[in-house]
Amino acid sequence: MQPLLLLATLTVLVGVTLTVPAKEKRVHHQRDLSDHAHDDSDGYKYDHEAFLGKEEAKTFDQLSPEESKERLGKIVSRIDGDKDGFVSHVELHNWIKHRQRKYIEENVDKHWKEYDQNKDGKIAWEEYKNTTYGYYLGEEFDDVDDKTSYKSMLKRDERRFKVADRDGDLIATRQEFTAFLHPEDYDHMKDVIIQETMEDIDKNGDGKIGLEEYIGDMFTPDDGESEPDWVLTEKKHFTEIRDMNKDGFLDASEVAQWILPGEIDHADNEAKHLILETDTDKDGQLSHDEIMERVDELKISTITDYGLLVLGEHDEL
């Protein structure tokens with residue numbers, strides 16, 4: 001079995017047209033609503049994934065437009081908590097938050113079954129270590145091509161596990177294991193996120209991040225390839241924004257300001273954005289017809305790429 005790579009989650013800001021590819025961003029506020037860039041000029045994939053959820057994206061696109069519209073109508077009915085025929089900002093905000101929580105719960109469930117070997121409702125460090133690295137531990141990684149990397153991963157996982165393990169017994173409850181898998185959602189995990197980020201980017205190990213290291217983490221040009229515009233923008237951000245004390249480097253505190261700049265409510269921003277884009281009569285809320293009209297305009301197949309909600313089979317949704 002391949003080791004679970006528990007690297008810091010790469011996320012993007014909501015409501016901003018990005019110049020940097022989404023996969024290159026390291027901002028952690030909270031787990032992002034979508035892996036896509038939030039750029040309506042290049043499609044609406046972010047909005048659809050935020051609205052319908054990440055993990056339910058496997059087969060919705062196989063439905064006909066009629067079937068997709070029928071399912072979406074049922075979803076809208078669920079979002080409309082007070083059943084007044086309209087989706088308010090509060091209702092949409094709550095729905096998106098629900099989808100966020102659901103994603104995390106399902107992700108933890110998937111890994112929980114794999115790592116709770118003795119089925120006692122907890123996951124000990126030894127269980128996690130043996131399940132993830134057991135094949136290699138007996139030989140001390142001697143049969144692994146990059147054994148230094150594997151040893152580093154093991155050390156890093158152990159450190160993160162111990163920080164998540166609040167009572168220090170090396171046995172993770174479900175909440176502690178959730179903090180281990182999703183550290184960006186827990187205040188007491190912020191230091192380990194910063195430490196991991198520093199280790200990832202600080203290639204020369206001097207305890208700080210220079211401009212070349214900062215850009216190198218995002219972009220490595222092929223032979224003869226010129227730098228794209230977003231790299232020039234990031235260099236400017238490094239100098240003018242990230243490097244707060246203007247010493248030419250990012251220290252841990254500056255990295256913290258960069259990747260953990262404070263609580264931004266992604267769900268709230270996305271709810272506002274969806275209403276702004278979909279509320280044709282500008283009454284501050286969405287009617288069933290407004291949502292369906294927007295679906296027709298964007299084509300059902302685009303929306304349905306990002307959400308299989310099997311209503312009837314999964315009523316908890």
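Analyst: A nonpolar core here is a set of buried Ala, Val, Leu, Ile, Met, Phe, Trp, Tyr and Cys residues joined through side-chain atoms within 4.5 Å, where buried means under 20% relative accessible area with a 1.4 Å probe and protein chains only. This is a predicted model, in which local features need pLDDT of at least 70 and side-chain atom pairs count only at pLDDT 80 or more, while totals for chains, interfaces and linings use all residues. Residues are numbered from 1 along each chain as its sequence is written, and side-chain values use heavy atoms, with hydrogens and water left out.

User: OK, which residues touch the most other members of the largest nonpolar core?

Analyst: Val 108, Ile 123, Tyr 128, Phe 177, Phe 180 and Met 189 do, in a core of 21 residues. Helices H3, H4 (125-137), H5 (147-164) and H6 each supply at least two residues of this core, helices being DSSP runs of H or I with at least four residues, numbered from the N terminus. The largest share, five residues, comes from H3.

User: And what does the second core include?

Analyst: That separate core has 18 residues, among them Ile 201, Trp 230, Ile 259 and Leu 260.

User: Back to H6: how many of its residues are buried?

Analyst: Six of the eight residues in H6 are buried, namely Glu 176, Phe 177, Thr 178, Ala 179, Phe 180 and Leu 181.

User: At what angle do H3 and H6 cross?

Analyst: The axes of H3 (residues 89-115) and H6 (residues 174-181) cross at roughly 105 degrees and come within 10 Å, the axes being lines fitted to C-alpha atoms over the stretch in contact, with angles from 0 to 180 degrees between N-to-C directions. That makes H3 roughly perpendicular to H6, a label used for angles of 65 to 115 degrees. In contact terms (heavy atoms within 4.5 Å), the H3 residues that meet H6 include Ile 104, Val 108 and Trp 112, and the H6 side consists of Arg 174, Phe 177, Thr 178 and Leu 181.

User: Switching topic, where does UniProt put the EF-hand domains?

Analyst: The unreviewed UniProt entry annotates "domain: EF-hand" over residues 67-102, 103-138, 152-187, 189-224 and 266-301, and such annotations may be inferred rather than shown by experiment. In the model, residues 67-102 are 75% helix and 6% strand, with end C-alpha atoms 24 Å apart, whereas residues 189-224 are 50% helix and 6% strand, with end C-alpha atoms 41 Å apart.

Key:
Angles under 35 degrees count as roughly parallel, over 145 as roughly antiparallel, 65 to 115 as roughly perpendicular and the rest as oblique. Buried means under 20% relative accessible area, exposed over 50%, partly exposed in between (1.4 Å probe, protein chains only).
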